[in-house]
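This report is for a reader who is new to the structure shown below.

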Amino acid sequence: MTVATVASRALAGIDAPEVTVEVHLGPGLPAFHIVGLPDAEVREARDRVRAALNHAHFEFPARRMTVNLAPAELPKDSSRFDLPIALGILAASGQLAVGALEGHEFAGELSLTGELRAVRGALAMALSARGAGRAFVLPAGNAPQAALAEGARILPAGSLLEVVAHLSGETRLEEYRGVAAAAQPSYPDFSEVKGQQHAKRALEIAAAGGHSVLMIGPPGTGKSMLAARFAGILPPLSEGDALEVAAVHSVSASGFDAARWGVRPFRAPHHSASTAALVGGGNLPRPGEISLAHHGVLFLDELPEFDRDVLEALREPIESGRVAIARAARQVQFPARFQLIAAMNPCPCGHCGDRSGRCRCTPERIARYRGRISGPLADRIDIKLEVPAPRESELVAAAAGETSESIKARVAQARGLQLERQGEPNALLGTRAIDRHCATNRDGDQLLRHALARLLLSARAYHRVLRLARTIADLAGAATIGAEHVAEAIQYRRLDASF
């Protein structure tokens with residue numbers, strides 16, 4: 001037999017399109033060519049595969065070998081094709097029965113001694129292999145992650161010899177049946193934050209409805225403390241959402257740790273991060289921070305210190321929950337349904353409005369500083385609140401605030417009402433759903449009309465006020481949005497004029 005085909009997978013975003021590895025042995029001087037848009041990492045497989053086969057005492061054919069990775073127009077990256085290429089060579093040279101390869105998909109990097117090393121994107125590939133109805137053979141180190149794809153048949157192996165023994169019928173690989181248990185993350189507790197009851201209330205509303213928040217206050221007032229504790233009051237992830245989170249992280253450079261199954265991501269990039277680091281990019285696109293925060297929290301501290309282009313890149317993902325990365329050869333989409341929590345100082349020195357009067361910033365400097373955040377971006381943030389310095393009496397008193405668990409219970413109850421009523425958090429309601437589920441009573445309607453005229457709210461801000469008021473009413477257990485709910489929602493938009 002001079003031609004053999006082996007099934008494998010590439011990565012395109014969080015999808016894993018099928019790749020057929022075709023190996024042909026022909027006459028001519030000994031050579032080894034890999035075609036089908038391979039990158040440098042794939043081309044280097046020639047040396048890894050040769051050394052692994054020789055070390056395992058297989059014959060490396062002294063013939064002209066051509067390995068085609070089809071479809072040819074799909075770029076191929078990563079060392080995951082080492083194992084299928086090696087098996088294709090063995091099958092094409094008659095050292096392995098071709099029929100044994102049927103019903104399987106393979107991925108894995110080979111060491112020079114034939115050991116299998118873990119690769120990126122195991123979960124995404126396992127989901128696709130499950131859909132194709134094939135068993136998935138992969139390195140043992142990837143098995144816990146791949147097993148998150150419920151119903152997939154996962155066959156972990158430690159070396160090339162184990163895979164060949166399985167295909168030859170000598171020693172069968174045991175199917176991996178590990179069950180991932182949801183991790184119990186440990187977050188700092190809200191009771192440790194002294195004072196700031198107004199900010200805690202705002203974060204509770206944000207957690208209940210999935211709303212974005214911008215906290216403005218002097219240095220040292222607890223903005224970062226509050227943000228670090230925010231993930232601890234969010235509702236638990238559903239199994240479907242947890243699978244999406246794991247799939248995104250599995251294709252990232254850092255990979256996904258199965259021990260983090262069911263944990264909401266919390267990402268806090270430094271303000272020096274580039275657009276590609278935040279949104280994603282690269283010649284072969286990888287997810288950025290906004291995608292790694294999918295179904296979790298993206299915390300941007302010192303918001304005005306980020307480059308303007310970086311902040312403007314957030315506008316579309318905040319609305320759509322997805323980010324499209326276009327390159328000359330391909331375009332991929334990553335999910336980016338994150339919850340934005342941002343913090344900033346009120347002025348360049350940070351002490352504008354301080355009781356001590358030590359701020360020396362001119363109005364022009366303050367306007368330029370706040371102007372680094374564009375109006376369209378600020379308009380997309382549901383809650384803007386001031387976080388003033390706590391009073392002396394609050395600082396010296398023992399910490400006796402409400403615990404995260406009690407706040408989380410109210411948040412979970414309100415989120416449950418939303419899912420039962422409309423199947424999604426209030427922050428995701430579209431225009432028709434707002435008309436259906438966010439009706440106000442007579443007093444609330446009059447107050448909202450008055451606010452529209454006085455605050456000059458945009459159409460987007462108007463809808464966001466209604467969504468916010470719906471969340472406040474849900475926390476109060478009210479079926480109809482009243483004037484008190486609208487009033488509280490409107491107060492979180494009073495800082496709009498400063499941007």
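Which residues of strand β3 (residues 31–35) form the covered face, and which the uncovered one? In this predicted model, Phe 32 and Ile 34 make up the covered face of β3. Ala 31, His 33 and Val 35 make up the uncovered face.

Strand β3 is joined to strand β4 (residues 64–70) by five bridges, and the two strands run parallel.

The whole structure holds 31 salt bridges. One of them is formed by the side chains of Arg 229 and Glu 192, with a distance of 2.6 Å from N to O. This pair links distant parts of the chain, 37 residues apart: Arg 229 belongs to helix α8 (residues 223–230), while Glu 192 sits in the loop between α6 (160–168) and α7 (197–209). Arg 229 has a relative accessible area of 8% and is therefore buried, since buried means under 20%. Glu 192, at 43% relative accessibility, is partly exposed.

Another salt bridge brings together the side chains of Arg 372 and Glu 305, at 3.5 Å from N to O. Arg 372 is in the loop between α14 (363–370) and α15 (375–379), and Glu 305 is in the loop between β14 (297–300) and α12 (308–312), so this pair ties together parts that are 67 residues apart in sequence. Arg 372 is partly exposed, with a relative accessible area of 37%. Glu 305 is also partly exposed, at 35% relative accessibility.

## A network of salt bridges

Asp 496 and Arg 493 form a salt bridge in which the closest N and O atoms are 3.0 Å apart. Arg 493 is buried, with a relative accessible area of 2%. Both residues belong to one network, joined by salt bridges that share partners.

How many cavities of 30 Å³ or more does a search of the whole structure find? The search finds one. The largest cavity contains about 80 Å³ of space.

Residues that line the largest cavity include Leu 11, Ala 12, Gly 13, Asp 77, Arg 120 and Val 251. Leu 284, Pro 285, Arg 286 and Pro 287 are also among them, as are Arg 330 and Phe 334. The lining divides into seven nonpolar residues, one polar residue and four charged residues.

Key
Residues numbered from 1 in each chain as written. Predicted model: local features only at pLDDT ≥ 70, side-chain atom pairs only at ≥ 80, totals over all residues. Heavy atoms only, no water. Salt bridge = Lys/Arg side-chain N within 4 Å of Asp/Glu carboxyl O. Helix = DSSP H or I, 4+ residues; strand = E, 2+ residues; numbered from the N terminus. Buried < 20%, exposed > 50% of the residue type's maximum accessible area, 1.4 Å probe, protein only. Pairing = 2+ DSSP bridges. 1 Å grid on protein atoms, 1.4 Å probe; cavity = no way out; pocket = protein on both sides within 12 Å on 5 of 7 lines; lining within 4 Å. Points joined across faces, edges and corners; volume = space filled by probe spheres on them. Nonpolar A, V, L, I, M, F, W, Y, C, P; charged D, E, K, R; others polar.
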